[in-house]
Amino acid sequence: MNPHYSISHSDIIITVASWEERFLLGLEKLKKDVRPVRVIMFHYDEYADWSKENRETAQRFFSPGVPVVERKLFSRAPLETWKHIADTVFEHVQAHQSVTLHISTMPREAIWIICACVRAKGCEIQYVYNKPIAYAEDWLSRDPGRPRIVYKLAGIFGLNLPTTLLVITGFDSERTKQLVRFYEPRNVVIGLQQGDQYENIIKNRKEHQKAFDRNKGIRWFDVDGYDIESTLASVESNLKEFIEDTNVILTSLGPKISALALYKYHLNHEKAALVYAPANEVNRDYSNGLKETLSGRL
Amino acid sequence: MEEYRNPFEYEAASKLTPHQLLEYYIEDFNYSRFVRSKRNVFLVGERGTGKTMALRYHSLPVYVLQQKKKDDELDLSIISVYVPCNTPLTHRREYELLDQLNASLSSEHFLVLSIMDRIIESLSEINEFLTSDDEDHLRGELSYLLNLEIPVNVPFFRALRLAFGKSSSDAQRALNTKTDAESSLRNLLSFTSGLLPLLTCLAHLPKLSNSHFSLMLDDVQYFNPYQIKAMNSWISYRDNSLFSFKVATTRVEYPTLETSSGGCILEGHDFTRLDMEQPYQNKTSAFAKMAREIISRRLATIAVGKTPEEYFPLSAEMAQDIENAEAQAREEADEKFPTGTTKQKDDYIYKYARAIYFRNRASKANLPPYSGFEVLVHMSTGVIRNLLDPCYYMYDAMYSQWHAESREGKPIFDSIPSSVQTQVILSRSTKKWELTKGELDKTIDDCSREDARRVYQLLDNLAILFRARLLSEISEPRAVSFTISNFTHDLQAKLEPVLTVARKAQLIYVYTSSGKDLGRREVYYMPNRMLWPVRGLDPIGQHARVSIRAEHLWNAADKNKKIPFNEKEEIDEPTLFDFT
């Protein structure tokens, strides 16, 4: 039995449809465990063709009996995305209902906006994340968009304070470099994922250490991005000296659960802002299979 | 253990302390007379061209320190206030969720407060600036005019900054609310209700009665459209006796000149534009002089007592080979112009000696031993950061070697051996191509895979063209910049996005100069010369530009087709007025 998987019934499942196998496999598993009364399924318009088949199958899973509300989101139109999420949650989620977020294939920006909108309704949130068997060998994403601070999760910035950027890294050191180049922070705090899953040591840890070998002032720390509480504790401890006197911006390019940990950090510290680093192109062979499911409560 | 300090550090100027700024900055009168003027000035240049350094050097805290060091009396006739704009507050985007009026008001509010806070922070640097009478007056006037609650029992400037901070936080909190932000936004300050009253009140102080406030806004390309329009409206303000704006922006994201009222500010009328990128052409150009001074100043910090040329010596082998090539060129000139003037012959040697050197090497397999200060300056392509980059890595290589040998004491390197220079130059050049080939779509905002491929193919084909020219007996073999001919609207629409990505990545720089028709400005393109060493090209180009048809550039970029090279091809020779 997986000690990290414990899921209970909730009223609503919110997911973002993808063409990846783990989206359907994960949703099928959730149907039995969660027994929702409604499913809200977003999908990104830019990848509508790729996700079409999986969306149709997902509709069939829950039909009849459980309505599946479908809504479009847009990678390149964050304003529309924010409005669609806010309107959908406003319309289809009742106050204090319980909500399960199926975050496996949910972009981090969507995770944060959905969390904020659902939480504003006083709902309890549990999350489910499905690890794939493997990721694409050559590339996962490319063509980065300009990093952006997430609407309404933008913290409270002091006037003319230096910036501190915290990044929980992923497999692409260029995206981390892009964030540093864009925000030109005084302090950079980098959380490196522990372990060698998915060749993490070579593709993430070593790549980042090499990419930033000239930047001697960086604060490095180890993190287990698959564990929300330990990630939160690491972030708390590494930002302690910066949170009062600098403008702190946070982002995750690593495991999706670490994005939830950063959201919790933002809830604990209203000053800190969440930043999203978009990619305009994603590999169609992003991942395959479903290896392990992790879950928890926010 | 000695703390490692690389004298060629080129971290963002925003991270340097006032002391370091004074230590490193080379004052350039061409800029400083504008920065310290009462005019509105736009400083335009890509990253690394020294905009931030120029602005920060003239800011009040650095000026105060400078005067203190000189033991001079503080002249407050111009008070320069540095306002960095690449801040998270600038990057907030909630204005997009608001109606136009509130979007405009809240955007201006944050901008105005940031400037006001910087003004007060800067004035705090002056010792015993306010008498208690001044303080009482200001407190009364400002709390009335700004409608802010200024805390009592706190030093006045600190109290004022707390009030500004609170006003900003209140508005941000309102924007963060999940419900109706518009109704929560209150007491928003604008230029006329915040900044202007503050400046007017300060000007009533006896010490500032003749002062002019030069408000230096850095990185305005990050402003949102409402902030750009607001700033332009302030710039269009006719009376510049009390304040003016110095605005630094990148060229590739040059902001619109539209004002809030729908008007437009005009260069020459409302503001003066200063180009911070300078084409480097020869040892006597302004940039060459500045580059030399910058490196000299950096060398002074490690007290080696060497000139830049001594510290970065040219390889003996290369020096000898170039001397031989010059002798060969002289012989050819004598043969070609038996009755020619000295100038004719010297021109010939200038044009062909280095080309002969590269041609003679063509049969040898290895790349030239690139080295020497002159090569470093040319490779910078007129950008200070590009000048310091290889120097940094050369010093770092020396230090790594010293450290690996477990040597004791303080490392002192009298010079950088030419072999180390060559190794670093080739490695940085290779790195540039790696960026070009595989990383643009990962690092440049909104650069598609297709455009990344096109930029690489364009530069690759330019390298092939320039190499072919270098090895040919043509009139301008070392030309490494180009102009675009037959640039139709259709081709412009295709090629511009590719050139924009290349400019954002600082792989191509764009300059203007006087064209052949007097009075007409001509745009020309100069690829980053750091690209050339690993392709066996001469980073020391010459005063010439290759005219290339737009369709050939597009075919090179899109279809990876070679750019046609005809040895009889025309070259745009510079006019007398170029490069001055």
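Of the 580 residues in chain B, 42% are buried, a residue being buried if 20 or more other C-beta atoms, placed from the backbone, lie within 10 Å of its own. The model is predicted: local features need pLDDT of at least 70 and side-chain atom pairs count only at pLDDT 80 or more, whereas totals for chains, interfaces and linings use all residues. Residues are numbered from 1 along each chain as its sequence is written, while chains are lettered from A and ligands numbered from 1 in the order in which they are written.

Chain B contains 21 helices and 10 strands; these are DSSP runs numbered from the N terminus, helices being H or I of at least four residues and strands E of at least two. A compact globule of 580 residues would have a radius of gyration near 25 Å, and the 27 Å of chain B agrees with this; the radius is taken over C-alpha atoms, and the globule rule is 2.2 Å times the number of residues to the power 0.38. Along the principal axes, the C-alpha atoms of chain B fill a box of roughly 85 × 60 × 50 Å. Where contacts in chain B link residues at least 6 apart in sequence, 76% join residues at least 24 apart, a contact requiring C-beta atoms, placed from the backbone, within 7 Å.

Chain A is divided into domain 1 (12–135 + 285–297) and domain 2 (146–277), with bounds from an automatic or database domain assignment. Their C-alpha centres lie 25 Å apart. Contact between them involves 17 residues of domain 1 and 16 residues of domain 2. On the domain 1 side, helix 4 of chain A gives the largest share, 7 residues.

Beyond its neighbours within four places in sequence, A:I111 is in contact with residues including A:L101, A:K256 and A:L260.

Between the chains, the contact takes 31 residues from chain A and 35 residues from chain B. Helix 5 of chain A gives the most to the chain A side, with 4 residues.

Key: Contact = placed C-beta atoms within 7 Å. Buried ≥ 20, exposed ≤ 12 C-beta atoms within 10 Å, placed from the backbone.
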